[in-house]
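Visitor: I am new to this structure. Could you show it to me and take a few questions?

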Amino acid sequence: MTRQLRALEIDPRLVGMLGALAAIWIGFDLLSGGAFLTPRNLWNLSVQTASIAVMACGMVLIIVTRNIDLSVGAVLGFVGMLVGVLQARLLPELLGLEHPATWLIAVAAAIVAGGAIGLFQGALIAYLGIPSFIVTLGGLLVWRGAAWWVTQGQTVAPMDGAFRKLGGGIEGAIGAPLSWAIAAVGCAAILAALWFARQRKLRFGFAVRPAWAEATVALLSCGAVVGAVAVANAYYLPPRVAERLAQAQGLAIPEGGLFIGHGLAVPVLVAIGVGLAMTVLAMRTRFGRYVFAIGGNPEAAELSGVNTRRTLMKVFGLMGVLCGIAACISTARLNAATNAAGTLDELYVIAAAVIGGTSLAGGLGTIAGAMLGALVMQSLQSGMVLLGVDAPMQNIVVGLVLVFAVWVDTVYRRGIR
Amino acid sequence: MSVPLVEMRDISIAFGGIKAVDGVSVDLHAGEVVALLGHNGAGKSTLIKILSGAYPADAGEIRVRGAAARIASPRDAKTYGIETIYQTLALADNVDAAANVFLGREIVTRWGTLDDAAMESQTRQVMARLNPHFRRFKEPVRALSGGQRQSVAIARAIYFDAKILIMDEPTAALGPAETKQVGELVLELKRQGIGIFLISHDIHDVFDLADRVSVMKNGRLVGTARVEDVTKDEVLGMIILGKCPPGAVPGPGASADA
């Protein structure tokens, strides 16, 4: 069994996390009498996870460099207010209401603003040598306060129609046919990636996975993609909405009702896109290599000629960009910008990264793990909501799970040493 | 005599008012091994970190092959062919051997992404020369033994055509067999025309390998001698008392009553 697992070259920690996630899902499903593992609940779960998952990708790199960012929730709040005011008050006056470019300008502004805040905090940390804990603790207070100042605490609504798609919901789902197309592209990409990796290894005469293991990995990966899309497509639009759609397109409503699948939600696609891009950045680029080298031994990285300060500043800049994207997702989902948006998100993001196997000692962590960690956290939370557990108890459970998960990880790591 | 491969003239550096290195001059020729000796805290490592670009000198001049060299960072030093094996080895423990060998100088594919297969292949070739028994290419270097880690650090220094090699206490953490291996490597590199600075606080480690010794004490140069011209005891006297024997060229740090 162990030998087979090794032949698959799958990270055992990832398998453990998937096992934990499966246990949580099945447990909640049994406790709730089958209400958890429904397409509807899983679809909502995926949408709720998106914002935290996006930010967790950046937090992994920050923690890998032996730093921390406590300001992400506040940055999300501030940038959310900026894009809210931009598209609800400024752009309608300049371009007119519901102008097709509004959402693009808003997203671009969020990315630029978030990135600028991140680079600024990163510069203070990297070049002035102020500990990241302090800079971002200050940032937490500053940006949360700034979020209030944008409108003196007023909530801004509603958002632009096209922008709202970023938050999911009925209009923020891409529909079944497009989802299947994405699944096909995804599977093709997985197969191509496996094939090229194998060819590359063979060219250098390195050992490759046996054929059966390669086939298993391909089958599992493609199966996961197809399965996720099938679930999203099995969550049907409400009958009333489906009817309206059919009428608009002049279609007859068949006997027994009309079933139109939601398909994948836009924020989930954004999160997956961010996760893929961040994985490539972390594993396949010099920047990513330097981030991990700095985490392993900052002095060694410096002596090897790595510009550690600039790298560190960029890591925080990247975190800011991801906060900007997450701000768009959560503002769009709420269809309003409030100065309290993202409150306590920093703790959920850090918890997601840590549950996902990122070591606070630095040098260790994966993007996929952090995204799974975000999903575990959100599963716990939404499962307890489903069971009617009240809010204080939810926090208690999440807190205990966080500590427990890190303890298990510590024991596991001691075991492999 | 030929133009020295590297020449450090009147180098000084102070940390918070304490002169760690004070007007030290040393030189090194191609295919020569110069041992830099002195007690812990004598300023050897600091002097050598100036040459490897880790510290900027407050005063003095570095010349490489007779031309003035500007070394402000480890990257600058490497462009002059100066490679360093630090006492601490300076390895990133959490990544594998190839990642360490190529750290800061990665091989990339035409899309600008890391070419890990190519880097591993190159690392296998250089390691086959250094340590044929080395097999653990996939593991983070944290999992390796002291000797294996040393091999990785050496591989990193010699892979990129080093002309000048600095070895800071290369055998401090090694057993007898591995120490002997490092000794053989030093002689092999010397045959290839590489100039080597060997830094040690223990004269026995380096006396048989070195062509010349330079001794430092309290940040100043006591003197430099060819190993044929001095005995081990005399060198020991230079290290401990700062006494410069007749066979050596005295430096500014030689004690006056010698």
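Predicted model: local features only at pLDDT ≥ 70, side-chain atom pairs only at ≥ 80, totals over all residues.

Guide: Residues are numbered from 1 along each chain as its sequence is written, chains are lettered from A and ligands numbered from 1 in the order in which they are written, and side-chain values use heavy atoms, without hydrogens and water.

Visitor: How many cavities of 30 Å³ or more are there?
Guide: On a 1 Å grid over the protein atoms alone, a cavity is a set of points where a 1.4 Å probe fits but cannot get out. Points are joined across faces, edges and corners, and a volume is the space filled by probe spheres set on the points. By this rule, the count of cavities of 30 Å³ or more is 2.

Visitor: Between which domains of chain B does the largest cavity lie?
Guide: The largest cavity holds about 90 Å³. Its lining has 13 residues, with Leu303(A), Lys78(B), Glu83(B), Thr84(B) and Tyr86(B) nearest the centre; a lining residue has an atom within 4 Å of a point. Two domains of chain B both give residues to this lining, so the cavity lies between domain 1 (1-81 + 163-171 + 178-258) and domain 2 (89-161).

Visitor: How far apart do the C-alpha centres of those two domains of chain B lie?
Guide: The domain bounds come from an automatic or database domain assignment. The contact takes 10 residues from domain 1 of chain B and 11 residues from domain 2 of chain B, where contact means heavy atoms within 4.5 Å. The C-alpha centres lie 28 Å apart.

Visitor: Which helices of chain A each supply at least two residues of the lining of the second largest cavity?
Guide: This cavity has a volume of about 40 Å³. Its lining includes Asp69(A), Gly114(A) and Phe316(A). Helices are DSSP runs (H or I, at least four residues), numbered from the N terminus. The two suppliers are α5 (102-127) and α14 (308-334).

Visitor: Which helix gives the most to the lining of the second largest pocket?
Guide: A pocket is an open set of points with protein on both sides within 12 Å along at least five of seven lines. This one holds about 620 Å³. Among its 23 lining residues, Gln48(A), Ile52(A), Arg333(A), Asp345(A) and Gln378(A) lie nearest the centre. The top contributor, with 6 residues, is α16(A).

Visitor: How are α4(A) and α15(A) set to each other?
Guide: Val72(A), Gly73(A), Ala74(A) and Leu76(A) in α4(A) meet Asp345(A), Glu346(A) and Val349(A) in α15(A). The axes come within 6 Å and cross at roughly 130°; they are lines fitted to C-alpha atoms over the stretch in contact, with angles from 0 to 180 degrees between N-to-C directions. Angles under 35 degrees count as roughly parallel, over 145 as roughly antiparallel, 65 to 115 as roughly perpendicular and the rest as oblique. The two helices are therefore oblique.

Visitor: And how is α11(A) set to α12(A)?
Guide: Leu281(A), Ala282(A) and Arg284(A) in α11(A) meet residues of α12(A), including Phe287(A) and Phe292(A). The axes of α11(A) and α12(A) come within 5 Å and cross at roughly 70°. That makes the pair roughly perpendicular.
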